[in-house]
Amino acid sequence: MNKPDVPVIKNAKDLVNRLAILFRIGQTYSIDNEVVIKAVDEFVEAINLVLLSEKTLTIELLGEYFYLNRARVRYAVQYYLNFDFLMSEFRKRGLGSITYTERISRRDQQDFIKVFLSCLSSDSPYVTLMGGIETIESITIGTLKQAQQDNILNKRQVLRRTYFNAISQFKAVAGKAKAKESIEIKKAKLVVNTLIDLMLQEEQMMISMTAIKDYDEYTFHHSVNVSILSLALGMKLGLNKKRLSELGIAAFLHDIGKVAIPDEILNKTTPFTDEEWETMKLHPVEGVKTILTTMKIDHVSIRSAVVAYEHHLNFDGSGYPAVQQQWQANLYSNIVTIADRFDAMTSARVYSREPKSPETALQVLIENAGKHVDPILLKIFIKMTGIYPIGTLVVLDTRELGIVYRGNPDYPERPVIVLIVDHNGKKVQKSLIDLSERRLDGNYRRTIKKTLDYNKYKINLSEYLLDAYS
Amino acid sequence: MQWSTTFLWEKGMDDSRITTARTFIKAALKAKKTLHIYPSNNILYRNAIDETFSIAQEYLSSYGLLVLRITPSEMFVDSEQVYQSSGKMDNLALFFFKEGIRELTFKEGLPKNELEEFLKLTGTDFDREDSNSDFISSVWEKGLENIKFTIDEIAFLEGDAVPGGPGSGLEGGEAGEAMKAGEAMKAAESQIGEGVGTGALFLSRIKAQGDISTEDVEDVICLTDEREDGKLLTAYEDAVNKEEVSPVAVKELTPEERGFIVAEIAKDSSESNGRLVEILIEILATSGDSAEAGVIAKSFEDLIMHSLRANDLRSVLMALRGVREIVPEGHHDRRGISDIQENADTIVDFCDSRAVIEQLGRMMDSTKEISEEDLTEYARLLGKGAVQLFMSLLENLQSISARRMANNVLIHIGKDNMEALVKRLKDPTWYVVRNVIYVLRNIGDNAVLDDILKMSRHGHPRVRLEVVKALTNFKSVKALQALKDFFDDSDSTVRLSAIAGIGSVVKESSGARLFTRDAILAKVKEKGFEERDFKEKKSFFETLALVSDGEVDEYMIGVLKKKTLFSSRKSIESRSCAAYYLGLAGSREALPLLEKLGNTSDHLLREHVAAALQRIKHE
């Protein structure tokens with residue numbers, strides 16, 4: 001059988017993304033503009049191709065996700081801005097779904113875009129949209145099923161948007177660094193500053209984003225995670241906004257030297273040879289060179305270069321790169337080192353497929369306090385993450401199962417958890433439980449007895465940490 | 001009709017709102033320029049702030065919020081245009097737009113200082129080489145509570161070529177900064193990456209196409225509830241059987257640890273440049289190839305310039321010191337040295353380049369405190385060539401303190417290259433010559449006396465004055481003889497300095513007494529000497545008193561006695577000078593005459609006689 005010729009649409013994410021593009025360029029250009037027509041044609045071709053095997057195709061917005069014929073389309077870094085845009089455009093119109101029921105034409109889709117864009121000026125956009133597309137037989141619409149105005153939901157949306165924004169920015173920076181093009185740090189600064197603003201309000205929520213390790217691209221997520229964890233530690237130290245911004249960017253760029261490491265080594269799935277390790281160990285020096293050759297030299301780039309160089313130097317002077325003199329890493333580097341090691345240990349990397357559970361990672365750091373990491377900063381870090389960091393899968397004395405959702409600085413051993421399995425071993429509706437709650441007799445209602453490694457069970461933390469609010 | 005009255009009233013209010021918004025932007029634009037030009041204590045500066053603030057208050061107190069929608073050439077309040085400029089210079093809308101700002105909001109309660117900070121930032125040149133920040137970051141760092149902006153993330157994050165995007169207010173086909181046809185598509189498409197997954201809908205099709213593996217597909221599809229449940233239940237079963245583990249302990253910081261971390265934070269902010277210097281030296285010293293060493297050398301150069309711009313001489317010094325350890329001292333032949341050394345040598349060369357020295361000059365001219373010790377060490381590390389460089393620097397320095405500092409450095413390093421210093425005595429600029437003489441004087445090497453003497457006839461009096469000071473310092477007979485030649489200099493300050501200089505030499509060198517006595521005596525006996533200024537004449541007599549003897553005393557008594565019928569002013573001055581000399585010389589022989597003149601009617605003479613009497617009697 002010959003492959004159908006589908007040059008553009010590769011997958012569900014791509015399809016939703018294309019729809020967003022149609023509306024975006026429709027806002028800028030006339031509907032008959034060649035740019036719009038080209039995009040419409042590609043979209044129509046893809047839809048029609050799908051309709052060859054499926055009777056209908058529904059693109060639906062439910063909560064914060066798009067669904068195609070009830071299968072959720074996963075939120076992806078490369079599409080996040082367009083997804084976000086499309087979500088917002090749907091909501092503005094009270095639109096919940098668009099259904100294609102039969103082969104559509106370019107004109108159908110053009111007319112739809114036209115009405116879609118113009119209906120916003122009416123008092124009831126959805127009603128206007130519905131009236132406007134009455135003559136288009138192949139497209140029907142549905143209303144938005146849930147009210148989306150809830151404050152927490154918005155916060156979560158902003159949080160996720162900021163997180164993905166940061167990843168997208170890091171990808172752009174890494175791409176430029178690899179191509180040895182000049183990098184404008186102010187764009188990264190904007191992202192980091194937004195992270196800081198958000199963390200000043202919702203630190204725990206942002207930290208929870210770092211606990212979700214099921215993303216595809218370790219390096220990009222790792223850089224953002226290290227930035228978030230470093231910022232959280234910096235906040236605990238009382239650094240001001242300007243210095244937090246410097247720290248956030250330095251942490252963001254700590255691994256930038258990896259762009260100089262050959263992909264075949266970075267992506268190697270089997271253990272490294274000695275020679276490959278030696279190459280990997282070059283990334284701190286490469287980081288310095290990358291930063292200094294692609295960025296304007298200023299206070300921020302200098303601090304970033306220092307952190308890039310020092311983040312694998314141990315507290316006792318061991319580690320790499322080998323230095324000729326007595327070396328004491330600076331404060332930012334010591335902060336980033338802890339964040340880096342914690343996130344690396346708890347993540348599945350290409351060359352280390354078995355991540356440690358958060359509390360095991362803490363245990364390893366504690367064992368190496370004073371040798372590999374700064375013992376004082378580590379104390380503060382543990383106080384910040386709690387002894388059961390966010391994302392830890394815990395077993396309670398009530399024989400219930402939960403995931404740590406938020407730390408409790410006053411009672412580190414009693415965080416807030418998302419309860420996921422009841423005492424009968426049955427999955428329950430997700431609910432938040434504060435483990436510092438007591439019964440009338442003064443005893444605690446629930447206490448953590450054991451921890452489990454969520455990675456072992458491939459539990460999708462995002463399902464619990466992000467959705468626990470709704 | 002009620003409705004129309006309401007409508008008209010609202011319309012009237014709207015008109016006033018738009019007018020006030022326009023006035024505010026006009027005032028802000030004016031203030032932006034004024035704040036850039038004048039210091040904050042200037043009346044024009046204060047007026048600009050006051051005026052803008054008063055208009056802002058007028059608007060905000062009536063309408064609560066001022067929300068400006070920004071396009072590259074316009075600003076709108078709602079749909080009303082309140083600002084328009086198609087230019088690229090001084091276009092406030094374009095300034096904000098290029099920063100990615102699409103909406104700017106001023107809130108009620110905006111304090112004056114916040115508005116001032118904001119306006120100052122709009123006038124700041126963030127494109128300057130030494131700028132460490134940008135507009136958005138600076139506003140953010142200031143934490144302005146009542147001024148907020150919305151940024152078009154797509155325009156801002158997607159790259160420099162995409163000023164448009166949803167909500168940007170740009171229409172297709174708009175000229176100038178607007179997005180060109182096709183770029184919108186490109187911008188939107190830049191969201192598209194190489195996705196590998198699909199929804200369940202496409203699963204069968206993709207499998208058939210063989211584009212991606214099942215594993216990839218599963219990775220991106222939302223897990224079904226059944227699968228998730230299965231995993232949870234496995235986890236639950238494991239949990240029941242798992243042994244309990246004790247959690248890690250959370251320990252509080254001790255007071256010592258708190259103190260240590262506070263000190264670390266305080267120390268940390270100032271050490272980055274120096275730390276990067278250490279890092280670059282480490283990398284340079286171990287660099288594997290010439291390309292790497294070259295990159296590091298270039299980075300060093302950038303860092304040196306950055307540090308100088310930040311008045312951080314210490315880091316530059318660290319760099320030079322570190323690199324000097326890599327480069328063999330005094331080598332000039334590059335043959336046979338390694339890539340590392342060659343690049344280290346390049347850095348040393350850069351340190352005495354014109355660009356660096358000029359920047360060093362700007363730093364010295366700034367008001368920031370610089371350690372003279374560091375500057376001297378820097379110069380020393382540059383080697384012999386530093387004298388020449390610092391001489392050039394001296395030519396261009398603006399402030400007195402900077403010139404003094406450069407001179408002091410030259411005094412320290414000049415000995416190593418006297419030749420270069422002497423050469424600059426021929427400089428056409430008078431103050432360069434004067435500075436060279438100053439430096440030579442302080443170095444105090446008699447070998448250059450002849451070179452200095454050649455400047456005795458220099459056209460500028462301040463150069464000659466410096467020569468006199470130098471000759472005084474050298475204290476040799478030759479210098480003394482040369483000083484005598486300045487008795488008739490055309491400039492009185494030079495003459496005074498010469499006679500004072502001779503006095504200072506005589507005090508320390510008894511061998512010069514006779515020469516001095518004869519030279520001064522001859523001068524005061526000259527016909528025209530009487531015509532000189534009284535203060536100058538006195539200084540000659542004062543020095544003469546240092547080498548007094550009976551012969552001179554006798555001459556002075558003669559001058560004092562010389563009474564004429566119609567005493568001229570000059571004659572009185574000469575007699576007063578003689579009395580002054582006799583007093584200083586302690587001439588007891590002159591006592592009877594002095595006592596006799598004690599009640600003389602001339603005030604000047606009486607005063608000097610009285611002083612002389614007192615001095616002799618109390619000696």
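Modeller: A crossing is left-handed if the near helix is turned anticlockwise from the far one by less than a right angle, and right-handed if clockwise. Helices here are DSSP runs of H or I with at least four residues, strands are E runs of at least two, and both are numbered from the N terminus. This is a predicted model: local features need pLDDT of at least 70, side-chain atom pairs count only at pLDDT 80 or more, and totals for chains, interfaces and linings use all residues. Residues are numbered from 1 along each chain as its sequence is written, with chains lettered from A and ligands numbered from 1 in the order in which they are written.

Colleague: In which hand does H18(B) pass H19(B)?

Modeller: The crossing is left-handed. For angles, axes are lines fitted to C-alpha atoms, for helices over the stretch in contact, and values run from 0 to 180 degrees between N-to-C directions. H18 (residues 386-396) and H19 (residues 400-413) of chain B cross at roughly 165°, and their axes come within 10 Å.

Colleague: Are H18(B) and H19(B) roughly parallel or antiparallel?

Modeller: Angles under 35 degrees count as roughly parallel, over 145 as roughly antiparallel, 65 to 115 as roughly perpendicular and the rest as oblique. H18(B) and H19(B) are therefore roughly antiparallel.

Colleague: Which residues make the contact of H18(B) with H19(B)?

Modeller: Contact means C-beta atoms, placed from the backbone, within 7 Å. H18(B) contributes Phe390(B) and Leu394(B), among others, and H19(B) residues including Arg403(B) and Leu410(B). Ala, Val, Leu, Ile, Met, Phe, Trp, Tyr, Cys and Pro count as nonpolar, Asp, Glu, Lys and Arg as charged, and the others, Gly among them, as polar. This contact has nine nonpolar residues, one polar and one charged.

Colleague: At what angle do H12(B) and H14(B) pack?

Modeller: About 15°, with the axes of H12 (residues 272-286) and H14 (residues 313-326) of chain B 9 Å apart. That makes H12(B) and H14(B) roughly parallel. Their crossing is right-handed.

Colleague: What is the strand order of the sheet in chain A?

Modeller: Strands pair if DSSP finds at least two bridges between them. The open sheet runs S3-S2-S1-S4-S5 (chain A), with antiparallel pairing. S3 (71-73) and S5 (139-143) of chain A are the edges, each with a single partner strand, so one side of each lacks a neighbour in the sheet.

Colleague: Where is confidence lowest in chain B?

Modeller: pLDDT is the predictor's confidence in each residue, from 0 to 100. In chain B, helix H8 (residues 203-209) is lowest, at a mean of 28, and helix H23 (residues 461-474) highest, at 92. The chain B mean is 78. The model scores ipTM 0.72 and pTM 0.69.

Conventions:
Two residues are in contact if their C-beta atoms, placed from the backbone, lie within 7 Å.
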